[in-house]
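Hello,

Here is the structure I promised to pass on. Please have a look at it first; my notes follow below.

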Amino acid sequence: MVDIPIEVQLRPFILLLLILSIVNMVILFNKTNENIGNKREVRAFRGMLLSFMLYALIDLRLVMGDSFYRTFPKFFILFTTNLGMMAMTLSCVFWFLHVYYGHNVLTKQRTKRQIIIDGLILHIPFFICLILLFTPLNRFLFEFRDFKLISKPTVLFIMSMDYIYLIAATIISLRQWKRASTKTDKKKYAMQIVFIIFFTISGGIIGMMMDLPAIEVCMLPVVLKLFVELQDSQIYTDALTKLNNRRRITEFINEELINCSIQEPLSVIMVDMDFFKSINDTLGHDEGDKALIVFSKALKKVVAPQNALAGRWGGDEFVIAGKDPRLIDGFKEALTGELSNISDLGYDLYFSIGTFKCTSNDLTYEEVLAKADEALYTKKNKRTMTASEYVKKLLESKEG
């Protein structure tokens with residue numbers, strides 16, 4: 001009986017693992033579209049998938065074993081190896097961008113110059129890797145010895161550039177974990193940190209397993225976790241306004257009511273757009289949708305600095321909830337001021353609010369919202385403007 005070397009026995013399993021990895025990446029890529037998250041976050045995730053696919057394709061060379069280095073010319077072997085390292089660097093870049101965009105780091109207004117400067121700083125490690133891998137400088141990274149490509153210690157410098165992106169992504173997730181206002185968000189960011197650390201540590205292990213597709217084993221759980229994360233964001237997001245939806249607000253209030261007390265009250269604000277039906281009837285439903293989107297953007301800006309959650313309850317009703325003691329104070333004035341700065345519509349938006357500060361965990365979320373809703377309609381009945389007067393304003397703005 002002929003003894004078959006263990007490396008030869010492993011080749012069918014290596015091939016199977018690589019094919020499964022590529023097939024899974026292709027399926028996830030085709031299932032990922034811009035309807036399951038914000039556009040930049042989804043594009044970064046798809047870029048990550050493409051980088052991983054490229055890396056897995058290049059790792060098909062492992063099926064050939066040492067014969068790969070004897071079969072092909074040196075320049076092809078060197079180019080393939082460099083391309084694989086660049087694919088891994090790209091995956092780290094896209095991973096960082098996915099976290100960067102997903103946590104709304106770019107929501108603040110920035111000048112064009114700031115955007116260019118930030119972009120250059122962000123891509124410095126990537127360009128360093130590009131220069132080292134695809135210029136004559138790559139002679140400091142590898143050498144051929146006994147029909148095999150041997151890595152020099154300077155390859156660790158390339159890996160350190162990759163770790164810059166992974167460490168930066170971890171820092172962003174850690175900051176978001178500390179700022180998270182709900183248990184669900186804290187769990188999300190904690191899991192993200194765990195997966196980044198898992199992938200980072202595995203990179204060191206992979207350095208000792210260059211002849212095995214170890215990186216592909218690490219890829220699959222990571223991309224599956226991120227894909228599920230993107231889908232979860234769709235489950236909890238209102239399709240039109242991109243605010244949290246009714247389901248998310250309900251979960252949040254239920255979570256916060258458990259520890260509600262006089263010392264830690266839960267503030268709930270019900271907001272209702274005034275004369276929304278008049279906008280739909282006078283200017284059409286498309287204009288009504290536009291008004292909802294504009295109103296939601298203003299709401300986001302007001303709530304963003306506070307430890308609170310804003311969501312669309314349904315139709316033209318919105319709910320804001322949080323334990324920030326400053327949430328209710330000055331809320332109406334802040335939202336009115338934000339709406340007055342908007343010129344997208346050509347007409348004014350009005351609203352009514354009802355507030356309730358819950359100091360007991362004995363109440364259910366239905367009771368809490370009912371009290372806020374009761375306060376809302378008390379305020380709504382005291383409006384001075386009538387629907388016919390508002391319609392007159394809309395028609396004037398339309399003619400103007």
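**What I found**

Met273 is found in strand S3 (residues 266-274); helices (H or I, at least four residues) and strands (E, at least two) are DSSP runs, numbered from the N terminus. This is a predicted model: local features need pLDDT of at least 70, side-chain atom pairs count only at pLDDT 80 or more, and totals for chains, interfaces and linings use all residues. Residues are numbered from 1 along each chain as its sequence is written, and side-chain values use heavy atoms, without hydrogens and water.

Met273 is buried, at 1% relative accessible area. Buried means under 20%, exposed over 50%, partly exposed in between (1.4 Å probe, protein chains only). Beyond its neighbours within four places in sequence, the contacts of Met273 include Leu292, Phe295, Phe318 and Tyr350. Contact means heavy atoms within 4.5 Å. Phe295 is 22 residues from Met273 in sequence, but 8.4 Å away in space, C-alpha to C-alpha.

Next, helix H12 (residues 331-340). Phe331, Leu335 and Leu339 are buried there. They sit on the same side of H12, because they cover an arc of only 65° around the axis. That arc is taken from the directions from the helix axis to the C-beta atoms. An α-helix has 3.6 residues a turn, so residues three or four places apart point the same way. The face turned away from the buried side of H12 carries the exposed residues Glu333 and Ser340. Among the elements covering the buried residues of H12 are S3 and helix H11 (285-303).

Last, Ile19. This residue is found in helix H1. Ile19 counts as partly exposed, at 42% relative accessibility.

Best wishes
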